[in-house]
Amino acid sequence: MNLIISGTNRLGSNSLKVANYYKGELLLKGEAWEILSLEDLPHDILYTDLYGKRSDAFSTIQAKVSVAQKFIFVIPEYNGSYPGALKIFVDACSYPTSFTHKKAALVGVSTGKYGNIRGVDHFTGVCNYMRMHVLPLKIHIPHIKDELNSEGLFVNPITSKFVNEQIDEIVRF
Ligand SMILES: Cc1cc2nc3c(=O)[nH]c(=O)nc-3n(C[C@H](O)[C@H](O)[C@H](O)COP(=O)(O)O)c2cc1C
């Protein structure tokens with residue numbers, strides 16, 4: 001199954017809410033995608049799953065990554081870039097088979113006013129290094145606290161319009 005990666009292990013993250021929105025909209029279009037939240041990474045991943053090591057806990061995650069052909073990365077802005085947890089996740093995945101020649105769509109999320117433009121650019125570089133095909137339409141959602149209502153839906157119709165355009169492109173990608 002294709003994967004929506006919620007790119008932080010922060011509990012209660014807005015990225016996970018956005019990931020859930022994508023999952024729901026994809027389902028409405030007949031596409032069943034699974035969310036992989038970085039909350040579910042093994043807590044000792046730095047010691048158990050880097051540099052050739054592999055834990056049972058991460059093996060389950062790796063199996064999902066190996067099967068997926070398309071990924072949506074929802075990427076929060078942390079200190080002007082993407083989270084370290086996301087890089088650790090990518091580094092822990094088997095290289096090069098996990099991501100090479102697969103497809104990625106990127107979504108930036110931030111409290112501030114730039115919607116993680118820089119972090120999404122930085123992560124695009126990582127995707128390109130891994131020889132992924134990156135969907136040219138990238139979505140940036142600034143001021144995320146004003147964007148989502150209590151049901152996890154976008155209150156601004158312009159945001160949902162662009163998000164849904166990207167979702168249509170992901171389906172065709
Ligand atoms: C460690 C950390 C660094 C952050 N740095 C930035 C930043 O540079 N710019 C910004 O607009 N928001 C920043 N934020 C706020 C996040 O963008 C905000 O929490 C938003 O909801 C997306 O992250 P979330 O998925 O963790 O909720 C930061 C949050 C954390 C936890």
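Predicted model: local features only at pLDDT ≥ 70, side-chain atom pairs only at ≥ 80, totals over all residues.
Helix 3 spans residues 56–67, and its 12 residues reach 17 Å from the first C-alpha to the last. That is close to the 16 Å expected at 1.5 Å a residue.

- Phe58, Ile61 and Val65 are the buried residues of helix 3.
- Viewed down the helix axis, these buried residues fall within an arc of 60 degrees, so they line one face of helix 3.
- An α-helix has 3.6 residues a turn, so residues three or four places apart point the same way.
- Turned away from the buried side of helix 3 is a face with the exposed residues Asp56, Ser59, Thr60, Ala63, Ser66 and Val67.

**What covers the buried side**
- Strand 1 (3–6) and strand 2 (34–37) are among the elements that cover the buried residues of helix 3.
- The cover also includes helix 2 (45–48) and helix 4 (84–92).

**A look at strand 1**
- Strand 1 and strand 2 run parallel and are joined by 4 bridges.

**Around the ligand**
- There are 15 residues around the ligand, and Ser13, Ser15, Pro76, Ser110 and Gly112 come nearest.
- By class, this shell holds 9 polar, 4 nonpolar and 2 charged residues.

Conventions: Residues numbered from 1 in each chain as written. Near = placed C-beta within 6 Å. Nonpolar A, V, L, I, M, F, W, Y, C, P; charged D, E, K, R; others polar. Helix = DSSP H or I, 4+ residues; strand = E, 2+ residues; numbered from the N terminus. Expected span 1.5 Å × (residues − 1). Buried ≥ 20, exposed ≤ 12 C-beta atoms within 10 Å, placed from the backbone. Arc of directions from axis to C-beta. Contact = placed C-beta atoms within 7 Å. Pairing = 2+ DSSP bridges.
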